[in-house]
Each structure stands twice: as C-alpha cells, then as structure tokens.
Amino acid sequence: MSARASSRVSLNGEIGQQIVATPLRVRRFATKAMRRMFVSRSSFEKPRRRLAAVVTALLSVLKSGDHLLMTDSVYGPARAFAGGMLKRFGVETEFYDPLAGGGIADLIRPNTAAIWLESPGTHTFEVQDVPGIVAAARAADHRVVTIIDNTYGSPGLLAPLALGVDLSVVALT
C-alpha cells in the first residue's frame with residue numbers, strides 16, 4: 001500500500017483523530033481498539049457472571065409454586081432476580097433477617113424449597129449462623145436445599161460445604 005490516505009476515525013469514540021492508512025499504523029490502531037473493546041467487554045460482563053451463577057443455582061432447585069427464603073443482605077442483582085423473574089415463574093420469595101440463625105425454622109413452610117444464605121452479607125457484612133440455618137433446614141419435614149453465595153467469605157475463609165450447605169456459589173471475578 002503506497003497510497004497515503006487520511007480518514008476520520010470514530011471506532012474508539014475520539015472523533016476527529018487523523019491517521020495515515022499505512023499497513024503498520026492501521027494494524028497498531030486496530031490492536032489498540034481491540035484492547036479497548038476487550039477491557040470494556042470483560043469489565044461489563046463481571047456482574048453478569050456472578051448473577052449467572054446465582055440464577056443457575058436457584059433455577060436448579062426451584063419450580064413454580066415453591067417458596068424461597070433469601071437473606072435480606074443479599075447481592076442486589078440476585079434480589080432483583082428473585083423479585084422479578086422468579087416471581088413471574090410463580091416462586092414466592094421471602095427475605096429474612098440475616099441474624100435469624102436457627103430461628104429461621106419458624107419461616108419454613110411446607111412449600112419452602114430453598115434457603116439462600118450469604119455470609120458475610122453484601123454491603124452490610126453481617127455474618128450468618130450457617131450451622132444453625134443448615135440444622136433448621138435439615139430438621140424440616142421435607143427437603144430444603146441450602147445455597148450460599150460465598151463470594152465475600154471466599155473458599156479460603158469459609159468452607160460452607162463442610163458446614164453442611166448443599167450448594168456454594170463463588171464469583172471468580
């Protein structure tokens with residue numbers, strides 16, 4: 001390419017930048033633009049990945065007509081999913097006090113299918129009595145699955161499966 005042409009570039013949002021269209025310069029510009037797009041895309045998708053893990057765990061145990069007990073200190077997008085999509089699917093969600101501990105047994109109904117824990121809680125960092133909640137779920141007249149979002153607890157600080165929790169969700173962001 002021996003021809004030198006000047007053109008306006010708007011790929012990276014900076015309208016008015018001039019480049020000379022030689023193969024080397026175009027390749028450098030394309031590489032920079034791809035890096036920008038990759039960084040933007042990956043940082044944009046991080047919350048979606050955590051929510052995808054939450055959705056997968058919940059939809060694997062819930063069906064229409066079920067009752068879900070979810071901690072009040074839950075991750076915001078998970079709360080929105082429970083109040084929106086799960087409600088449309090016919091799943092009733094009840095938010096409980098994260099410090100309820102074994103007292104959660106009073107909230108378990110015949111149609112309660114799962115208890116969602118998060119310890120420490122998002123933004124409030126309330127630490128739940130995980131063994132007490134698991135014991136209450138096991139003492140119920142029917143099978144109640146316990147699920148914990150262990151993103152803040154991390155597998156290094158809290159081993160929920162060793163405490164009897166059925167499913168553990170951890171964001172890898």
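Val-144 counts as buried because its relative accessibility is 1%; buried denotes under 20% relative accessible area, exposed over 50%, and partly exposed the range in between, with a 1.4 Å probe and protein chains only. The model is predicted: local features need pLDDT of at least 70, side-chain atom pairs count only at pLDDT 80 or more, and totals for chains, interfaces and linings use all residues. Residues are numbered from 1 along each chain as its sequence is written, and side-chain values use heavy atoms, without hydrogens and water.

Val-144 sits in the loop between helix 3 (130-139) and strand 6. Helices (H or I, at least four residues) and strands (E, at least two) are DSSP runs, numbered from the N terminus. Leaving aside neighbours within four places in sequence, Val-144 is in contact with Ile-108, Thr-112, Ala-113, Ala-114, Ile-115, Ala-137, Arg-138 and Asp-166. Contact means heavy atoms within 4.5 Å. Val-134 lies 10 residues from Val-144 in sequence, and their C-alpha atoms are 9.2 Å apart.

Pairing requires at least two DSSP bridges between two strands. Strand 5 (residues 112-118) and strand 6 (residues 145-149) are joined in the parallel sense by five bridges. Glu-118 has Asp-149 of strand 6 as its bridge partner.

Helix 2 has a kink of about 30°, centred on Ala-82. The bend at a residue is the angle between axes fitted to the seven residues ending there and the seven starting there. Ala-82 is also buried, as are Ala-78, Phe-81 and Leu-86 of helix 2. Gly-90 follows helix 2 and has a positive phi, near 90°.

The protein chain averages a pLDDT of 79, with 71% of the residues scoring at least 70. Over residues 1-46 the pLDDT is below 50, and this stretch has 33 contacts in the model beyond near neighbours in sequence. pLDDT is the predictor's confidence in each residue, from 0 to 100. Where pLDDT is low, the predicted coordinates should not be read in detail.
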